[in-house]
Amino acid sequence: MSHADTALLAALARRRATGSRPGQRDDGCRIALAIEGGGSRAAYSAGMALALDEAGLTDSFDDIYGTSGGALNGAWLLSGEARRWIRSWAWPEVAAAGVTDPRRLLRGGPLVDLGRLVHHVYEAITPMDFAAILANPIGFHPIATDARTGRPADLAPYITDRLSLQTSLRASACMPLLAGRPVRLGGRTFVDGGLSEGVPFRTALADGATHVLVLRTRRADQRAAPPSRFERLALAPYFLRHGRLAGRAHVERHRTYAADDLLLAESSRADVPTLVEVRPPPGSPDVARLGAELADIDRAIDQGRAAMAALLDQAGSG
C-alpha cells in the first residue's frame, strides 16, 4: 500500500471514529470521492461505492463527484439507501423496464431513454430518495459536457429541487445520439460527461479538494480507444447540429483518459498524497458500455466491492 493510500484512508477512518460531519470538520482536509462512469461498466464503481458505505465511510467525504453512471452511484450513496438499491444495476426488473430498447429507434426515439430511468425506474421500481440527496450536507457534483463549448461542467449550481436533480442525472449520462438530444438545464445544453471528464477528479482538485479517492471502472490494462471511423461518421450530423466542440471532445476522449491515467499513476508515487485510485482487479470481465448480460454486471459489482474491501482491510491491518 502506498503512502497516499494510507494517508487518505486513515483520514477517512479518523472522521468515522470521531463522528465528524460535513461542514463541521476540524482536520484541515477536504476529501472528495470521484466516481468514473461508463454505462453498464459503472457496475464496478457501484460495487466499490457499496463497500465504502458498508464500511461506514460515506459521511467521511465532503463532496462526491460523478460522471454518467458514476453520478448515479454517487446519488445512491447520498440517498442513504445504497445498500438497498445500488446492486439494481444487475436486477432483471430494472433491465425489463425498457431504459435501453432498440425498438424505440423504429419510432424515431432514443435507444437509451434516461427520462424513463429517472422518472420511472427511480420512482416506481427502485425508489431513489431525491429529498435525502438534496438535504445531504455532502456536496453532490454530477459532471456533464457543455454541448456548446465541449468543456466539463459541474452541474451542482443548477440543482435546487427534485426535478433539477433528476435532470442533472440525465444530463451527466446523455450519450450523444444514443440518448437523444442534449439535455437542457439552466439555459444550457449538456451531453455525457464522459466526453470531457470521464474520471472526475480534476474538477474536485480545482474546487479545493486536498484528497480524492477515485473509483475506476477500467482495469489497469484497459485503455480508452479512439472512436472508429464509422462512429465518427454516424455522430457527425449530431455534433454538427448540437455542438461541434462537444464533437471534438468526443474525438479526443481517449487522449483525455490517457492523461488521467498518467496523472493518477504519478500521484500515487508522490510524496504529498492527493489522489488514490481503486480499479477492477486483473482478469475482471469486460463490460460494454451498453452491456446487458446481467450475470457479468452482477459479477462486476462483486469484484468492485471486493477490490475496495481489500484496500480497506489492508489499511486496517497496516
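Start your tour by selecting Ser68, which sits in the loop between β2 (63-67) and α3 (69-79). Helices here are DSSP runs of H or I with at least four residues, strands are E runs of at least two, and both are numbered from the N terminus. You are looking at a predicted model, in which local features need pLDDT of at least 70 and side-chain atom pairs count only at pLDDT 80 or more, while totals for chains, interfaces and linings use all residues. Residues are numbered from 1 along each chain as its sequence is written, and side-chain values use heavy atoms, with hydrogens and water left out.

**Two residues with positive phi**

Stay on Ser68 and look at its backbone: phi is positive, about 55°, although this residue is not a glycine. Most residues other than glycine have a negative phi. Ser68 is buried, because its relative accessible area is 5% (buried means under 20%, exposed over 50%, partly exposed in between, with a 1.4 Å probe and protein chains only).

Next, select Leu177, in the loop between α9 and β5 (183-185). Leu177 also has a positive phi, near 70°, and is not a glycine. With 42% relative accessibility, Leu177 counts as partly exposed.

**Helix α9 and its partner α7**

Now colour α9, residues 162-172. Of its 11 residues, 8 are buried, so α9 is largely enclosed by the rest of the structure. Among the buried ones are Ser164, Leu165, Gln166 and Leu169.

Axes are lines fitted to C-alpha atoms, for helices over the stretch in contact, and angles run from 0 to 180 degrees between N-to-C directions. The pair is therefore oblique (under 35 degrees is roughly parallel, over 145 roughly antiparallel, 65 to 115 roughly perpendicular, and the rest oblique).

Which residues of α7 meet α9? Show Leu114, Gly115, Val118, His119 and Glu123 from α7, then Arg162, Leu163, Gln166, Leu169 and Arg170 from α9. Contact means heavy atoms within 4.5 Å. By class, this contact has 4 nonpolar, 3 polar and 3 charged residues (Ala, Val, Leu, Ile, Met, Phe, Trp, Tyr, Cys and Pro count as nonpolar, Asp, Glu, Lys and Arg as charged, and the others, Gly among them, as polar).

**Helices α12 and α13**

Move on to α12 (229-242) and α13 (244-251), whose axes come within 8 Å and cross at roughly 155°. That makes α12 roughly antiparallel to α13. On the α12 side, pick Glu231, Arg232, Leu235, Phe239 and Leu240; they meet Arg244, Ala246, Gly247, His250 and Val251 of α13. This contact has 5 nonpolar, 2 polar and 3 charged residues.

**Loop stops**

Select Arg87, in the loop between α4 (82-85) and α5. Arg87 is partly exposed, because its relative accessible area is 21%. Leaving out residues up to four places away in sequence, Arg87 touches Leu50, Asp298, Ile301, Asp302 and Arg305.

Then go to Ala96, in the loop between α5 (92-95) and α6 (103-106). Ala96 counts as exposed, because its relative accessibility is 66%. Draw a C-alpha to C-alpha distance from Ala96 to Tyr257, and you span 32 Å for 161 residues of sequence.

**Last stop: cysteines**

Is Cys29 buried or partly exposed? Cys29 is partly exposed, at 22% relative accessibility, whereas Cys174 is buried, at 1%. The disulfide count is 0, where a disulfide is a pair of cysteine sulfur atoms within 2.5 Å.
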